[in-house]
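Please keep the sequence and the structure in view while working through the numbered points.

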Amino acid sequence: MSDYPERVLLAAEAIDRLLTVDLTGRGLINILYAAARRKQGDRPLCLLAADRLLDVVKPTDAVVIATGLPIRGWFSPAIAETDGPAGAATLARAVYAGLGAVPEIVCEEAMVPLLRAACRAAGLVVTTHAEWQAGLASPHAVPGRDIPPAIIRGFPTDLGEAQREARRLLEELRPAALISVERQGANERGVYHYGKGEANVTSAMAKIDVLFEEGQRAGVSTIAVGDGGNELGMGLIREEIRDALPFGARCICPCGGGIVPAFAADVVVAATTCNWGVWGIEACLALLTNRREVLHTPESERNVLRACASAGATDGITGFVEPGIDGISGRVCTYVVEMLEYMVNAAWTPPALVHKDTPRRWQRTTV
Ligand SMILES: [Zn+2]
């Protein structure tokens, strides 16, 4: 990671702290964060991910964001949770605003309408790869008349088709980075798990794991955001999850292999909810690029969560179709975005205790 001024490092530490408060008493984040931090040189994790993106992504590059997770796959492959899709949408916005890159979202086919709604609510123009390419090549294109794009596609659930699609996508997009936001990852026996050790319906899951495996083999940077230890990419802290989490080494499904995904991402961000981890990456990108608008606003967060609920996404903990994240209300979530906004601004312009024009008798005395 590059050397950064102390004000950036202090802000990055504060951002990680805010986004790893165990607000619902789940008891996991302290373990995951400490392990991910130890494994990655004891540096602030959101900053690490933002730094990697700035290193490898050039303007007009494609950045793949994987999300969507059928959380009630036995009932319907279309039921998603707000954690993941909402974060993918605001991250897609930041990838365009902060890096000038083209966000390419992959998810289950049944989740595409939800991601379209989330991306539109985040302010992006939903398009297709072909339409985007044709627009770029159009003789009528006017430079500077920006179109912030979001390209969303379904990914196969069949393993063989997924392997072919992974190779095709890597060839067609030549992505600069692959980012996973709240996707369960298959363990070494090919089984996907919930955090409490139950198996998910393997046939309902898009096999996006193979896209990340192929991409990593081809030298593409991989970043994973997780909040439970069962997410794609969390294999980076395999031993720690196996040792410390109740279902790390042994799940409660017949596979018996534990919840740790086989795939280890290059950079792992652990946060209270995956969306929160994404916001931290956005905030650090805003810090590093000196551009406030890279981090989405509290109003935008409210809009995205409402759009997700309107498109049928559920809160992953309550199970209700409502605009909260993992049992944390949408109202509290917008406050967290507001605090991030404050932290980014404060890192640039530290709040002054004493203004030089303040009358002497009103000046605060400091010891
Ligand atoms: Zn199992």
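1. Helices and strands are DSSP runs (H or I of at least four residues for helices, E of at least two for strands), numbered from the N terminus. The expected span of a helix is 1.5 Å times one less than its number of residues. This is a predicted model, in which local features need pLDDT of at least 70, side-chain atom pairs count only at pLDDT 80 or more, and totals for chains, interfaces and linings use all residues. Residues are numbered from 1 along each chain as its sequence is written.

2. Helix 11 covers residues 298–310 and has 13 residues. The distance from its first C-alpha to its last is 18 Å, close to the 18 Å expected at 1.5 Å a residue. After helix 11 comes G312, whose phi is positive, near 100°.

3. Burial is judged by counting neighbours: a residue is buried if 20 or more other C-beta atoms lie within 10 Å of its own, exposed if 12 or fewer, and partly exposed in between, with C-beta atoms placed from the backbone. In helix 11 the buried residues are E301, N303, V304, L305, A307, C308 and A309. Two residues are in contact if their C-beta atoms, placed from the backbone, lie within 7 Å. Against which helices do the buried residues of helix 11 pack? They pack against helix 4 (85–99), helix 5 (112–121) and helix 12 (330–348).

4. Helix 4 has 15 residues and reaches 20 Å from first C-alpha to last, close to the 21 Å expected at 1.5 Å a residue. Because 15 of the 15 residues of helix 4 are buried, this helix is largely enclosed by the rest of the structure. Just after helix 4, G100 has a positive phi of about 70°.

5. A nonpolar core is a set of buried Ala, Val, Leu, Ile, Met, Phe, Trp, Tyr and Cys residues joined through C-beta atoms within 7 Å. The largest nonpolar core has 124 residues, and those with the most contacts inside it are C46, A92, A118, A283 and C308. Leaving aside neighbours within four places in sequence, A283 is in contact with I15, C46, L295, L340, M343 and V344.

6. Two packed helices are described by the angle between their axes and the distance between the axes. Axes are lines fitted to C-alpha atoms, for helices over the stretch in contact, and angles run from 0 to 180 degrees between N-to-C directions. Helix 3 (residues 45–56) and helix 10 (residues 274–289) pack at about 60°, with their axes 8 Å apart. Helix 3 is therefore oblique to helix 10; angles under 35 degrees count as roughly parallel, over 145 as roughly antiparallel, 65 to 115 as roughly perpendicular and the rest as oblique. The contact involves C46, L47, A49, A50, L53 and L54 of helix 3, together with G277, G280, I281, A283, C284, L285 and L288 of helix 10.

7. Helix 3 itself has 12 residues and spans 17 Å from first C-alpha to last, close to the 16 Å expected at 1.5 Å a residue. Its buried residues are L45, C46, L47, L48, A49, A50, D51 and L53.

8. How do helix 10 and helix 12 cross, and within what distance do their axes come? The axes come within 10 Å and cross at roughly 20°, so helix 10 is roughly parallel to helix 12. In this pair, W276, W279, A283, A286 and L287 of helix 10 meet V336, V337, L340, M343, V344 and A347 of helix 12.

9. Two residues of the loop between strand 5 (177–181) and helix 8 (209–217) deserve attention, one of them R189. R189 is partly exposed, with 13 other C-beta atoms within 10 Å, and touches C255 and G257, not counting residues up to four places away in sequence. N187 also lies in the loop between strand 5 and helix 8. Is N187 buried or exposed? N187 is buried, because 24 other C-beta atoms lie within 10 Å.

10. D42 is not a glycine, yet its phi is positive, about 55°. D42 sits in the loop between helix 2 (29–39) and helix 3, and counts as exposed with 8 C-beta neighbours inside 10 Å. D326, also a residue other than glycine, has a positive phi near 50°. D326 lies in the loop between helix 11 and helix 12, and counts as buried with 23 C-beta neighbours inside 10 Å.
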